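Dear colleague,

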Amino acid sequence: QVKLVESGGGLVEPGGSLRLSCLAFGTSFSPYVMGWYRQAPGKQRDLVATITYGKSASYADSVKGRFTISRVNNKDTLYLQMDNLKFEDTAVYYCNAKHTYYDNLNYWGQGTQVTVSS
């Protein structure tokens with residue numbers, strides 16, 4: 001059974017940093033694009049960043065220059081380093097794994113809460 005488990009969320013002041021982790025179980029994630037999404041209360045789930053197996057990364061404009069996505073392939077682990085956090089970064093953050101070729105192989109973690117507040 002494929003499973004994604006996030007950790008690392010919490011409460012942080014504006015300007016602070018957090019690092020989210022996502023550990024993947026159940027299959028080899030080499031053919032998957034891994035990503036982070038977030039959903040604020042009353043809003044849709046939005047893309048934050050994605051990274052390929054070859055470590056090519058892309059970011060939403062709102063987080064460019066502040067967030068860094070990375071993955072350790074031989075440990076099936078995904079990270080999101082979040083720096084200079086802002087109030088508007090408050091959301092539930094979800095780990096995602098989407099197969100490069102098969103759209104039906106698309107998995108989500110349970111989410112981890114990030115709250116930016118003074």
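Asp76 counts as partly exposed because its relative accessibility is 25%, which falls between the limits of 20% for buried and 50% for exposed. Please bear in mind that this is a predicted model. Asp76 is placed in the loop that joins strand S7 (67-72) to strand S8 (77-82). Its phi is near 45°, a positive value in a residue other than glycine.

A positive phi also occurs at Lys55, where the angle is about 70° although the residue is not a glycine. Lys55 is found in the loop between strand S5 (45-51) and strand S6 (57-59).

With a relative accessibility of 31%, Val5 counts as partly exposed. Together with Leu23 and Phe25, Val5 makes a nonpolar surface patch of about 220 Å².

Glu6 also lies in strand S1. Glu6 is buried and has no salt bridge, the nearest side chain of opposite charge being that of Arg45, 7.4 Å away. Which polar contacts does the side chain of Glu6 make with the backbone nitrogen of Gln110 and of Gly111? A polar atom of the Glu6 side chain lies 3.0 Å from the backbone nitrogen of Gln110, and the backbone nitrogen of Gly111 is 2.9 Å from a polar atom of that side chain. Leaving aside residues up to four places away in sequence, Glu6 touches several others, including Cys22, Trp36, Tyr93, Cys95 and Thr112.

With kind regards

Key:
Residues numbered from 1 in each chain as written. Predicted model: local features only at pLDDT ≥ 70, side-chain atom pairs only at ≥ 80, totals over all residues. Heavy atoms only, no water. Patch = residues over 30% accessible without salt bridge, like charges linked within 9 Å, V, L, I, M, F, W, Y side chains within 5 Å. Areas by Shrake-Rupley, 256 points an atom, 1.4 Å probe, with all protein chains shown as cover. Salt bridge = Lys/Arg side-chain N within 4 Å of Asp/Glu carboxyl O. Buried < 20%, exposed > 50% of the residue type's maximum accessible area, 1.4 Å probe, protein only. Helix = DSSP H or I, 4+ residues; strand = E, 2+ residues; numbered from the N terminus. Lys, Arg positive; Asp, Glu negative; His and termini not counted. Polar contact = N/O pair within 3.5 Å; in protein donor to acceptor, adjacent residues only side chain to side chain. Contact = heavy atoms within 4.5 Å.
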